[in-house]
Amino acid sequence: MKKSVRINIKGTRWFPALPEGDLHDCVSALSEEGVLPCIEDHGEFCGRTEHLGRGEPGSEPLTDEELEELLTRALAEAADYKPTTELDTLGEMMCDDGAVTLSYDESEITGMAGCRTTIRIDNNGIASFSRSGAVNSHMVFEDKKRYFCVSDSPEDIPVCITTNDLVSSLNEDGGELYIDYCVEVGGAKAEHSKFEIKVR
């Protein structure tokens, strides 16, 4: 039997490393992910990153030495960059033979408005996440295991999830779910995330 529950979802992600490559590509990647620090707007970098899609048009490009310095500082900043999103919402929970299923609607807060997420934790401690709507995807989490993800992304790039830790105390009375995992895109480690759910 389904019942209405209050669900608190908290997600934290950060970018521990970038794949090796051209300095311009590395700095641009940090910039796109929002982890390029404000140092590019001050001192010797001020207004001179136009060729990276930022800065003032017509500015003098940074030298390779300056790019390397900017990248070094940006990576140091990125190591401490751990943006967290938190959603508190109503959802549904159903228990069936020891398995727990949660369903809730995403919002602008999580960046997935128009999606409905269904999470199922079975008796073996395996958690599956399915999203439908504006984005369709399916992910499987099992402690210390690696799985491919399925999504309707137009890019034909393999995405894998490796679960570092999974702890669940969910039952018919509520409880918590904690997952620590890494995301690989095209074989390269792209993101480290932690996901926490509290049901009451």
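**View A. Glu142 in the loop between strand 6 and strand 7 of the predicted model.** Strand 6 covers 137-141 and strand 7 covers 146-148, and Glu142 sits in the loop that links them. Its relative accessible area is 17%. Glu142 therefore counts as buried, since that value is under 20%. Beyond its neighbours within four places in sequence, Glu142 is in contact with Ile126, Tyr147, Thr163 and Leu166.

**View C. Strand 1 beside strand 2.** Residues 2-14 form strand 1, and residues 84-96 form strand 2. The two pair in the antiparallel sense over 11 bridges. Lys10 stands opposite Glu86 of strand 2. Gly11 has Thr85, also in strand 2, as its bridge partner.

**View D. The hairpin of strand 2 and strand 3.** Strand 3 spans residues 99-105 and pairs with strand 2 over six bridges, again in the antiparallel sense. Glu92 has Ser103 of strand 3 as its bridge partner. Two residues lie between the strands of this hairpin. There, Asp97 takes a positive phi near 55°.

**View E. Confidence along the protein chain.** The average pLDDT is 80, and 66% of the residues score at least 70. Over residues 37-43 the pLDDT is below 50. This stretch has 14 contacts in the model beyond near neighbours in sequence. Where pLDDT is low, the predicted coordinates should not be read in detail.

Methods. Residues are numbered from 1 along each chain as its sequence is written. This is a predicted model: local features need pLDDT of at least 70, side-chain atom pairs count only at pLDDT 80 or more; totals for chains, interfaces and linings use all residues. Side-chain values use heavy atoms; hydrogens and water are left out. pLDDT is the predictor's confidence in each residue, from 0 to 100. Contact means heavy atoms within 4.5 Å. Helices (H or I, at least four residues) and strands (E, at least two) are DSSP runs, numbered from the N terminus. Buried means under 20% relative accessible area, exposed over 50%, partly exposed in between (1.4 Å probe, protein chains only). Two strands pair if DSSP finds at least two bridges between them.
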